[in-house]
Amino acid sequence: MKRMLSFIITVLVLTGVMVFTTPGLLDKVRLGLDLKGGFEILYHAEPMEAGAELSRASLQKTAESLEKRANALGTSEPEVTTEGTDRIRLKIAGVTDEAEVRKKMKEPAVLTFRSAAPGDPQGTFSKIELVGSDFVEGAAEVQRNNLNQPEISIKIKDKDKFAEITKRLLGKEMAIYLDDQLLGNPPVVRAVLTDGTASISGNYTIDGARELADTINLGALPLKLTEKYSQSVGATLGKQSLDQTIKAGLVGSVIILIFMIGMYRLPGLLASFALILHTWLLIAVFVVADFTLTLPGIAAFILGIGMAVDANIITNERIREEMRNGKSILSSVKAGNKTSFRTVMDANVTTIIVAAVMFAFGTGAVKGFALILIVEIVLSIVTNLYFAHWLLTVLVKAGALKKPKQFGVKESDIRAL
C-alpha cells in the first residue's frame, strides 16, 4: 500500500507541475535567428596598425562594444560571442534596416577623453581632448596606490600636448567615453602632468579597474572587422520553420507514445510518462540556462528523444525475454533492468564523448547541437533509466503488475525453466 501511494503521489505531483508550468516555460524559451528571423555575421578581427598584436582582451572588449552598439540601435537581444583568437560572431533579430546595422557594426571602437565645453549642461562633456591614438598601445595597466586601492596607469605619446591639457583642466573633470558611452564617473585632473604618464583613480574595484584598462588599450589599438560570413533569415520564413517543426514533433511524439503503449502495455505507459518528463525537463533547462533554441538544436532535441525511446524499448524487450525464459515478474524486471542498463549506458557514454569532441572543436551551430545533445543524454539517463526503472519496480512490488500479458507477453511464449 505504501509503495502504491508513493507511486500515485509521485505521478500526480509531477503531472501537476508539468501541466501548470509548461505554458510559461514555452513562452520563455529564447528562439534563434533561424526560427524568429534576423541576421548573423561572423567577423575576422585584426589590428588597424600593421604589425600590431591582437590580444584576447582587445577581442573581448571589441565584442562588448559591438553588443552596446546593437543595443543602442534598438535591436532585440543581440548575441555577440568571440570564437578562437580572432573571430567575433554577431546575431541580431528583428532588424528593419540591415544595411545600416552592418555599417554601424564595422566601425572601429572610438575611445575619447572629453571635457566640458562652455555652455554644456551639468554632467555633459562635448569637447574631445584625447583620442585612442594619443595613447601608447598596451600601456594601460592596473596598479595599487599607497592606500592599496586599484588605479589605472596610462601613457600618452605627446607629452607636451598632455601637459597643456592637464594645466588647462586642473581641478576639473575629464570624462572617458567609448563610442558615445560614458565609462564610470569622470576623474578629476589633480596635477599638471609633464612626463606623459598619469594615474586614473576613483572608487574602482579591481575588476572595474581592469575593465577600464582593457578599454583604454582597445581604444589605443582599435580592431578592424572584416565580414567573413553572413546569413539572413526573414521573420516569415523563421515562423514557418518553427510552426512546421512543432507540427512534425507533435505528430512524431504521438505516434511514438501510441507505439510504446500498444507494444508494451502498462510498462509502455510508464515509459511514455518518463519521456514526457524528459521533454519537460529539457525545456526547463533551456529556460534556466538561457539556451537559444535553433533548428540544429531541435535536431539534437529530436535525436535525444529517439535515443530515449530506444533506451525504453531495450529495457522492455530485455524484461520480456526474461519472462519468456520462465522467470517470475519481479525477477524478470530486475534482470531486464540490469542487463539493459549496461547496454544503454555504453551507448550514451560513447555518444557523449562524440558530442564533447564536437563541442570542443566545433563552432556556431555545431557547438549548439553538441551541447543540447549532451544535456539530452544526461536527462535521458536520469528519466528513462533510473526514474522509469524505479516506477516499474514500485508497481511490480506493489502487486499492480502480476501477469506477463500486462507486459505484452503471451502465456504460450513462456518457456518452462
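User: Which residue in S8 stands opposite Val142?

Analyst: That's Ile152. Keep in mind that this is a predicted model, where local features need pLDDT of at least 70 and side-chain atom pairs count only at pLDDT 80 or more, while totals for chains, interfaces and linings use all residues. Residues are numbered from 1 along each chain as its sequence is written, and side-chain values use heavy atoms, with hydrogens and water left out.

User: What makes S7 and S8 a pair of strands?

Analyst: Strands are DSSP runs of E with at least two residues, helices are runs of H or I with at least four, and both are numbered from the N terminus. S7 covers residues 141-144 and S8 covers residues 150-155. Two strands pair if DSSP finds at least two bridges between them. S7 and S8 share 4 bridges, in the antiparallel sense, so they pass that rule. They form a hairpin with 5 residues between them, and Asn148 in the turn has a positive phi of about 65 degrees.

User: In what order do the 4 strands of the open sheet run, and which are the edge strands?

Analyst: The order is S6-S5-S9-S10, with antiparallel pairing. The edges are S6 (127-131) and S10 (181-182), each of which pairs on one side only. S5 (residues 111-115) joins S6 over 4 bridges, and Phe113 stands opposite Leu130 of S6.

User: Why is Pro121 called exposed?

Analyst: Buried means under 20% relative accessible area, exposed means over 50%, and partly exposed is in between (1.4 Å probe, protein chains only). Pro121 comes in at 52%, so it counts as exposed. It lies in the loop between S5 and S6. Its C-alpha atom is 44 Å from that of Gly84, although the two are 37 residues apart along the chain.

User: What makes something a nonpolar core, and how many residues does the largest one have?

Analyst: A nonpolar core is a set of buried Ala, Val, Leu, Ile, Met, Phe, Trp, Tyr and Cys residues joined through side-chain atoms within 4.5 Å. The largest has 52 residues, and Leu373, Leu392 and Phe407 have the most contacts inside it. Helices H1 (2-28), H7 (235-288), H8 (295-324), H9 (329-361) and H10 (365-397) each give two or more residues to this core. H10 supplies the largest share, 15 residues. A second, separate core of 23 residues includes Leu130, Ile165, Ala198 and Tyr204.

User: Which residues is Phe407 in contact with?

Analyst: Contact means heavy atoms within 4.5 Å. Leaving aside neighbours within four places in sequence, the partners of Phe407 include Met263, Pro267, Ile319, Val333, Leu392 and Leu401.

User: Where does UniProt place the "transmembrane region" feature?

Analyst: The unreviewed entry puts it at residues 269-289, 295-314, 344-363 and 369-396. Such positions are given in the numbering used here, feature names are shortened, and annotations may be inferred rather than shown by experiment. In the model, residues 269-289 are 95% helix and 0% strand, with end C-alpha atoms 30 Å apart. Residues 344-363 are 90% helix and 0% strand, with ends 29 Å apart.

User: Why is the Phe273 and Phe387 pair called what it is?

Analyst: Rings of Phe, Tyr and Trp (its six-membered ring) pair if their centres lie within 6.5 Å; planes under 30 degrees apart are stacked, over 60 edge-to-face, and the rest tilted. By this rule there are 5 aromatic pairs. Phe273 and Phe387 are 6.3 Å apart centre to centre with 40 degrees between the planes, which makes the pair tilted. Phe273 is in H7 and Phe387 in H10, 114 residues apart.
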